[in-house]
Amino acid sequence: MKNILQLVWLVPVLPLIGFLINGLFRKQLSKSLVNLVGCGTVLASFVISILIFIDVKNGNTGVIHYFDFIRVKDFSIPFAFQADQLSALWLLVVTGVGFLIHLYSTAYMHEEEGQHYARYFAYLNLFVFSMLLLILGANYVIMFIGWEGVGLCSYLLIGYWFKNIEYGNAAKKAFIMNRIGDFGFLLAIMWMILKLGTINYTTTDHKGVLDVIADLYAKGAITNFDITGITLLLFLGATGKSAQIPLYTWLPDAMAGPTPVSALIHAATMVTAGIYMIARSNILYTLAPVTQTVVAVIGLATALLAASIALKQNDIKKVLAYSTVSQLGYMFLALGVGAYTGAVFHVMTHAFFKALLFLGAGSVIHAMHHEQDIRIMGGLKKKLPITHFTFLIGCIAIAGIPPFAGFFSKDEILAAAFATNKIYWVLGFICAGMTAFYMFRLYATTFLGSFRGTEDQKHHLHESPWSMTLPLIILAILSIVGGWIGIPAVLMENAHSLEHFLSPIFAESTKHAHAHHLDHSTEYILMGASVLLAAVLIIYAIYRFSRKPDLKEATGFGQVLANKWYVDEAYNGVFVRPLNWLGKFMNKWVEKGLIDAIVNGVGRSVQYLSRQVRLVQSGQVGSYVLLMVLSILVFFVIQFFLKK
């Protein structure tokens, strides 16, 4: 085929077809057909994504225009897809990891009733479609459509078991908090239209927003205030989707959905949207140093806050959820210091080991009959050998031990932080240590020591079926070798193939950025320090929690961490309760007491007047004559005395 990029439209459309078939015919299709449609469409998208990736790697990139989505005089917003290095890489992650999660779901959700089983896969397909639309869009409006789509799908899937009120509230929380961020994104789009006259990333005639802003900036036609304002508003959108301070509290509550959904949200879709958006807008952020500082500080603060909370959580999924928030903070730190490749690299490796960890947690929960408290587990190593081994690989990868995937991407971020600001590195270094500690606390409490569950649970412990363990094995392999595409020059010259691959995307930023370089001896010291810290804390956590698990309720400062720094309570006190009180006040006194009183009062007044006027038509001729005479008198008085 001459140009494989012409098939790029099939990548999102195939999951959309899967959504329509499973959604419309959910009552008629068997579970086998649902599996075939749900998994097959995503697998087909993955195969096409591989072909596109190879084509892009060979230098064939471009914008594929389909039709004008909006046209007003000279201003137009095309419906177009952009196939380049960034979108091609993201396509592989979303469709590849997404397919494994679909495959895993066929066993994990098998007990669901027929039509609800189909509904689940329909939602999954729609989620993948929305994320692919977000990635492939060639301008911010198409990105925003996909952006809203993933928000809707997260709401549908978090609240999948909609009869449970608590789960429904978690879904509403995610939806509402994301709307706050989306408002910032919308304002940024309007600002760009007003100031730049375009919102395309780039076009063949070089009139995209990134080209325009570079030209305008060089000519002094756009101010730093504009760029800073636009980038801060975009970042507000990113804090919602990617769960950063202050809009992060929805993500841990999103655990209410089925575990494969958690894996999809945390690894392949949704939370990576904010990282993608900023990486795509890299030139804007490079030209806005104030915003970059804000991004780095917020990212670092989020990473530390979430890591501290993860130290004392006892729900296996909650630990992983706060871990995701923390790792996303790392990615934003990378974006804030201009290490765009490092951020994208960590998105990729994180997708492998976080999907692995969530699906591993799902396998544990499946074996434990929906038990999620790690204090009631222990000793699962022998009963779940594949789950145990792959989960251990995921823990090592996220802890940053070489040569596992997380080591290379995390090391790149920490090195870039050190080169920019030493305080960033110190705090990031502490956060890396906490990550190693809480992940191996989780591992040791769950898999080592003796079993602490009931006899009934112990009797039914078993390894998961192949459709659940196969994705675990594939993701474990990727968690080991996935980082080898980004080996730093200090370890192997010219081995960072990801940096070479993404260089065209970040070329313009590189021209404007102030380059920071570290000598090799410094890099070795930094690398050695972070690995040593992680290794010591891993050994301590295994020794400590395999022998004497932390089974009691936390007290003192530990209680503060276990209660998540009381942030949810603070939000409830500052925002939720006052807004609820305001809503009740408006309902009782403004709507019912004022507006309804006015509307109903007008109605009652008209009724009263009608009844009075009706009395005039009494049928008495004398009364009519009297009224006529009085009317004539009034008319004469007005004409001769008042109207002059």
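These legends go with close-up views of a predicted model. Residue numbers start from 1 along each chain as its sequence is written, and side-chain values use heavy atoms, with hydrogens and water left out. Local features need pLDDT of at least 70 and side-chain atom pairs pLDDT 80 or more, while totals for chains, interfaces and linings use all residues.

**View 1. Domains 1 and 3.** The chain is split into domain 1 (243–551), domain 2 (553–590) and domain 3 (605–642), with bounds from an automatic or database domain assignment. From domain 1 to domain 3, the C-alpha centres are 86 Å apart.

**View 2. The second largest pocket.** Its volume is about 690 Å³, the space filled by probe spheres set on grid points joined across faces, edges and corners. Closest to the centre, out of 27 lining residues, sit W161, Y167, M255, A256 and Q372.

**View 3. T446 in helix α18.** T446 belongs to α18 (residues 422–447). This residue counts as buried because its relative accessible area is 0% (the cut-off is under 20%, with a 1.4 Å probe and protein chains only). A polar atom of the T446 side chain lies 2.7 Å from the backbone oxygen of L442.

Technical notes
1 Å grid on protein atoms, 1.4 Å probe; cavity = no way out; pocket = protein on both sides within 12 Å on 5 of 7 lines; lining within 4 Å. Helix = DSSP H or I, 4+ residues; strand = E, 2+ residues; numbered from the N terminus. Buried < 20%, exposed > 50% of the residue type's maximum accessible area, 1.4 Å probe, protein only. Polar contact = N/O pair within 3.5 Å; in protein donor to acceptor, adjacent residues only side chain to side chain.
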